[in-house]
Amino acid sequence: MKRALKIVGAALLLVAAVLLVRAVTAESRQRSASAAAPLEGFDLDAALERLAAAIRLRTVADAGGGLFDELYILAADGLPPLARLQRRDFPLGVMFTWKGTDPTLEPLLLLAHADVVPVDRPEAWTHPPFGGRRVEGFLWGRGALDDKASLMAQLEAAAWLIGQGFQPKRTVLFAFGHDEETTGKGAAAIADHLEAEGVRAHLVLDEGGMVTQGVIPGIERPVAIVGVAEKDAFSVRLTAEDVGGHASMPPPHTAAGRVGRAVALLEANPWPLEFTPAAEAFMDWLAPEMPFGQRLALRNRWLLGGAVKALYAGKPRTAAQVRTTTAVTMLSGGPQANVLPQRATAVVNYRVLPGTSRDAVLERTRQIVKDPRVQVEALPSIPPRRDVMTDPDGPGFRAVQAAIAGVFPDAVVVPYLVVGITDARHYTGLSDHVLRFAPGFLGPGDTDRIHGTDERIREADYGRMVQFYAHLIRSVQPE
Ligand SMILES: [Zn+2]
């Protein structure tokens, strides 16, 4: 007995030692980089006026091509050096080409989208959502963060560089979709065109992560989160049909009842928790920068992984990182209270972890619903080209990491999984280095402004966005 206790005691000590050693030896993956050059002669005030004018264009999805065209006209009018770029129009997007001197080099591909989501309650806004007002050091309006700031900052950066006499060796492509928030057909068409031309991109950079502060608990420094993979999104429709009739003589289950039961079962059976490679990378990179307690847990997932997962699962925002999510978003049944429905439907919106196929999601849905009278079908949407993660130790990530460090020297840079979807998913066939990061800044509470009320950008932050893109364009050029 004594001997057994001794063995158990020794084993526990050993485990404790391993936990400690792993926590203490966590090596930072941050790299120092040269500071970005200041934007000499750059007129931030004039640039902000152009962004404000862009925000005033109400480019919601059904705005029509003319309004999008106005956006490019105002950019071209305000930034004469952009005449150097070639413009090519697509039905739902525009691509600008800034030709490099060496056509053998793979181009840098910068993405953004010109459309914005509609505004639900304009009266709730402090300043009108399409007013483009500049108040208290902020520029207010829909698109100020998502994603007109990226689009305009990229063009500002190009114009400024041209004005400085800079000529890239490596071609720079700017591809702007006009329906990112709805169907993504614009980006898909541009990607098709580039694929048909045989283009391979050196690096693809789209929106996704930003520089955050006070958003990730336990770390005070700013954290720049760079998307290395993203979830897929698609919807499934459940349909039950019946003969109908008078509600005074109902069968035990109506069509609406069947669909309701199916929906309840789906909510009662969430997807299992899972660390995808992107989530693992996030924790690996973040751990060394965290206080001891969190570092101990994140570095010892071999033992404490279950506890870490449970922590993630506790809140919808973090749970989305570790599971395929199920959101019942639409329901419909009979036309009137006393009529048995002939048809009832529900729509379930799934956000699918990398590594899980749409077929697997459909299959699992059918298994859970287990009712031959409820039809399960996928609603059409464009799937991602490839289900791949960009290697955070690869040259693409390094380039973006260095550009971030050059402009935001205090920020910790970490790879992560984007839980929304971006246009980048259409471009994954063009490069092994597809990243999702826009150099905007998100403080506590700011995440709710995106697609929500009071979207705004701090004026000084916009200058840093332009500086970031200029720095990146220069730094991906060969010596
Ligand atoms: Zn966006």
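About 700 Å² is buried between domain 1 and domain 2, and carbon and sulfur atoms give 52% of that area. Buried area here is the accessible area (1.4 Å probe) that two parts lose on being put together, summed over both. I421, R425 and H426 supply 54% of the area that domain 1 buries against domain 2, more than any other three residues.

The model is predicted: local features need pLDDT of at least 70, side-chain atom pairs count only at pLDDT 80 or more, and totals for chains, interfaces and linings use all residues. Residues are numbered from 1 along each chain as its sequence is written, and side-chain values use heavy atoms, with hydrogens and water left out.

The domain assignment, which is automatic or from a database, gives domain 1 (44–229 + 389–475), domain 2 (232–271 + 324–352 + 355–385) and domain 3 (276–323). In the contact (heavy atoms within 4.5 Å), 14 residues come from domain 1 and six residues from domain 2.

Across this interface of domain 1 and domain 2 there are two salt bridges, a salt bridge being a side-chain nitrogen of Lys or Arg within 4 Å of a carboxyl oxygen of Asp or Glu. R385 forms a salt bridge with D192, with the closest N and O atoms 3.0 Å apart.

The structure also holds a zinc ion, coordinated by H113 (NE2), D146 (OD), E207 (OE) and E207 (OE) at 1.9 to 2.5 Å. Donors are N, O and S atoms within 2.8 Å of the metal (3.2 Å for Na, K and Ca); water is not among the atoms, so sites may look incomplete. Along the sequence, the donor residues are spaced H-x32-D-x60-E.
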